[in-house]
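Subject: Structure handover

Hello,

Here is the structure to be handed over. Please have it open while reading the notes below.

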Amino acid sequence: MYIAMNRFKVVRGSEEGFENVWKGRDSNLHEMKGFKQFHLLKGPVNEAEGYTLYASHTVWDSFDDFSAWTKSEQFRASHRNAGTTKPSYLGHPTFEGFSIVEGA
C-alpha cells in the first residue's frame, strides 16, 4: 500500500474557498487502477504565521499505481485549473509519500 499526501498552508480567511474547490472538482481518481480512497484533511490553525494546514490524502495499492496516476491524462485534467487558487496558499504544496511497513 502507498499513501500520497500534499500539505497546503491556506491563508486564514481563505479556508471556505479552498474547501469548495476540492468539493467541486472532478478528480477522476476512481478511474485509476489501484486507487483506494481520498480524503481532504483540515489541520490546525497557525495563528503566528497566518494559515490553516490542510492535506490531501490518497491511498493506493502500490507506488506504481500512484506513479501511473501522476503520468495520466486524468491527472492532467484534474490539475488543469490548480493555479487559479494559488493566491490562497502560502508557498507551494509540500508532497509526502509513504509506503506501508509490513508487519509493524
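This is a predicted model: local features need pLDDT of at least 70, side-chain atom pairs count only at pLDDT 80 or more; totals for chains, interfaces and linings use all residues.

Residues are numbered from 1 along each chain as its sequence is written, and side-chain values use heavy atoms, with hydrogens and water left out.

Overall layout

The protein has 3 helices and 4 strands. Helices (H or I, at least four residues) and strands (E, at least two) are DSSP runs, numbered from the N terminus. Read from the N terminus, the order of elements is β-α-β-β-α-α-β. The C-alpha trace spans about 40 × 35 × 20 Å along its principal axes.

Of the 104 residues, 32% count as buried. Buried means under 20% relative accessible area, exposed means over 50%, and partly exposed is in between (1.4 Å probe, protein chains only). The protein exposes about 6,600 Å², and carbon and sulfur atoms supply 53% of that area. Accessible areas come from the Shrake-Rupley method with a 1.4 Å probe; for residues, only the protein chains shown count as cover.

A contact means heavy atoms within 4.5 Å. Among contacts between residues at least 6 apart in sequence, 72% join residues at least 24 apart.

The sheet

The 4 strands form an open sheet in the order β2-β3-β1-β4, with antiparallel pairing. Two strands pair if DSSP finds at least two bridges between them. β2 (35-46) and β4 are at the edges and have a single partner strand each, so one side of each is left without a neighbour in the sheet. From one strand to the next, the twist averages 20 degrees. The axes behind such angles are lines fitted to C-alpha atoms, for helices over the stretch in contact, and angles run from 0 to 180 degrees between N-to-C directions.

The antiparallel pairing of β1 and β4 extends over 6 bridges.

Helix α2

Helix α2 covers residues 63-70, and D65, F66, S67 and W69 are buried in it. The cover over these buried residues includes β1 (2-11), β3 (51-60), α3 (73-79) and β4 (94-99).

Salt bridges

Side chains of opposite charge can pair when their charged atoms come close. A salt bridge here is a side-chain nitrogen of Lys or Arg within 4 Å of a carboxyl oxygen of Asp or Glu. The whole structure holds 6 of these salt bridges.

K33 counts as exposed, at 65% relative accessibility, whereas D65 counts as buried, at 7%.

Another joins D61 and K36, at 3.3 Å from N to O. It also links distant parts of the chain: D61 is in the loop between β3 and α2, K36 is in strand β2, and the two are 25 residues apart. D61 is partly exposed, at 39% relative accessibility.

E15 and R12 form a salt bridge with their closest N and O atoms 3.0 Å apart. E15 is buried, at 11%, and R12 is partly exposed, at 37%. R12 and E15 are also linked with E47 in a network of salt bridges.

Aromatic rings

Rings of Phe, Tyr and Trp (its six-membered ring) pair if their centres lie within 6.5 Å; planes under 30 degrees apart count as stacked, over 60 as edge-to-face and the rest as tilted. By this rule there are 15 aromatic pairs.

One of them is F18 with Y89, which is edge-to-face, with 5.7 Å between the centres and 75 degrees between the planes. F18 lies in helix α1 and Y89 in the loop between α3 and β4, so the pair ties together parts that are 71 residues apart in sequence. F18 is buried, at 2%, and so is Y89, at 15%.

W60 is buried, at 0% relative accessibility, and F66 is buried, at 10%. Both rings belong to one aromatic cluster, formed by Y2, F35, W60, F63, F66, W69, F75 and F95.

Regards
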